[in-house]
Amino acid sequence: MGLMDRIRGEFIDIIEWTDDSRDTIVWRFPRYENEIKMGAKLVVRESQTAVFVNEGQIADVFTPGTYTLETQNLPVLSTLKGWKYGFHSPFKAEVYFVTTRQFTDLKWGTQNPVIVRDPEFGMVRLRAFGAFAARVVDAAALLRELAGTDPQFRTEEVQEYLRQLIVGRLATALATAGVPMLDLATRQDGLGTTLATALTEELAPVGIAVPKFIIENISLPPEVEAAVDARSRMGIVGNLDQYTQLQAADAIGDAARNPGAAGEGVGLGVGMALGRRMAEGLTPQQAPAAPAPAPAPAPAPAPAAPAAVPPPLPQQQWFIGVGGAQQGPYDTAALTGLIGAGTLARTTLVWQNGMSGWLPAEQVPEVGRLFGSVPPPLPPQA
């Protein structure tokens, strides 16, 4: 190979970029030390723009098509060079290919909740997430403002900037939309269109547009969701008493599904409460049982000397309280025997039908007379 062949090999004849990635926005043609030969072919495919940069200054921008690099196709570059040789010799310039297709796999979300004022619920914290599409509409502005001299500018380098911009715009859009919180789900498309327009206007200086903005979900705090659920259930039930019964029924179902002891106890307690309530409505009122024995009072002072043996008492039924337990019924003769056996003392509580409560035996005339033949207890020793 002769000297002229080696020199020709250093010149570039075809300038093109076949993008084999899905996330590259800007790609710089790897010229290295080679020079672009006058008359070389420039191939710009659909969804691409080629930008020539000469000594750090943007010279020419080419839209899709095939170009022969001659003076008439490089008016700005030829003016910047100002060659006296008629622009027929090789030249050096950096060539950047910019992708103008839509990048549709961009996600966004709120790391922190956005606080808005709702007319019905007051101050509410909202979280949201979704996706958006972005595309380059001004390649020269993108190179000047964002990409710079980066030889391979990817979506990941600008995605965080776009996400922060979206979150900042989202709070304003939700606050000024005037849409009640319960109606946000039906207005998500309209809010997305509004945000896409606002973001496109704000990103115009850097050459990026947002043609599509999607809100996938707007979520509420758990406590607000619980309040909304309770309100909707109240609207369906329409009766507070029925709603209480519904809650009790839900508790029984939850307890039945819980195999633990705590779940069984809760289910049993709620079931017994409902059972008692149903029984009260179905069964008639019954007479109250005999009252439980009252606590034993302090020993009363010994009565005076016993009187003569009284006449026999009518056959009545008596109950006595011994050791905190109820015994009986006993007739009068049986009471006399209990007195003789020491089971029935003067301070023993007695009761029969018609009495309002338990009383010591000595305070009931019908029983106190039975102690006539039994001496009183000895007084305490000094």
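Trp-318 stands opposite Tyr-330 in strand β14. Trp-318 belongs to a pairing in which four bridges join strand β13 (residues 318-322) to β14. The two strands run antiparallel. This is a predicted model, and the protein chain averages a pLDDT of 75.

**The sheet around β13 and β14**

- β13 and β14 sit in an open sheet of four strands.
- The strand order is β14-β13-β15-β16.
- Pairing in this sheet is antiparallel.
- The edge strands are β14 (325-330) and β16 (359-360).
- Each of these edge strands pairs on one side only.

**The chain as a whole**

- The protein chain has 382 residues, of which 33% count as buried.
- Its secondary structure comprises 10 helices and 16 strands.

**The largest cavity**

- The count comes to one cavity of 30 Å³ or more.
- About 80 Å³ of space lies in the largest cavity.
- Strand β10 (122-136) is one of the elements that each supply at least two lining residues; the others are strand β8 (103-109) and helix α4 (156-177).
- β10 gives the most to the lining, with three residues.
- Ala-134, Arg-135 and Val-136 are among the lining residues.
- The lining also includes Phe-103, Leu-106, Val-158 and Leu-162.
- Ile-25, Thr-155 and Ile-208 complete the list.
- By class, the lining has eight nonpolar residues, one polar and one charged.

- In the protein chain, 67% of the residues score a pLDDT of at least 70.
- Confidence is highest in strand β7 (residues 94-99), at a mean of 91.
- Confidence is lowest in helix α1 (residues 3-9), at a mean of 44.
- Over residues 1-10 the pLDDT is below 50. Beyond near neighbours in sequence, this stretch has three contacts in the model.
- Residues 83-87 also have a pLDDT below 50. Here the model shows 11 contacts beyond near neighbours in sequence.
- Where pLDDT is low, the predicted coordinates should not be read in detail.

Conventions:
Residues are numbered from 1 along each chain as its sequence is written. This is a predicted model: local features need pLDDT of at least 70, side-chain atom pairs count only at pLDDT 80 or more; totals for chains, interfaces and linings use all residues. Side-chain values use heavy atoms; hydrogens and water are left out. pLDDT is the predictor's confidence in each residue, from 0 to 100. Contact means heavy atoms within 4.5 Å. Two strands pair if DSSP finds at least two bridges between them. On a 1 Å grid over the protein atoms alone, a cavity is a set of points where a 1.4 Å probe fits but cannot get out, and a pocket is an open set with protein on both sides within 12 Å along at least five of seven lines; lining residues have an atom within 4 Å of a point. Grid points are joined across faces, edges and corners, and a volume is the space filled by probe spheres set on the points. Ala, Val, Leu, Ile, Met, Phe, Trp, Tyr, Cys and Pro count as nonpolar, Asp, Glu, Lys and Arg as charged, and the others, Gly among them, as polar. Buried means under 20% relative accessible area, exposed over 50%, partly exposed in between (1.4 Å probe, protein chains only).
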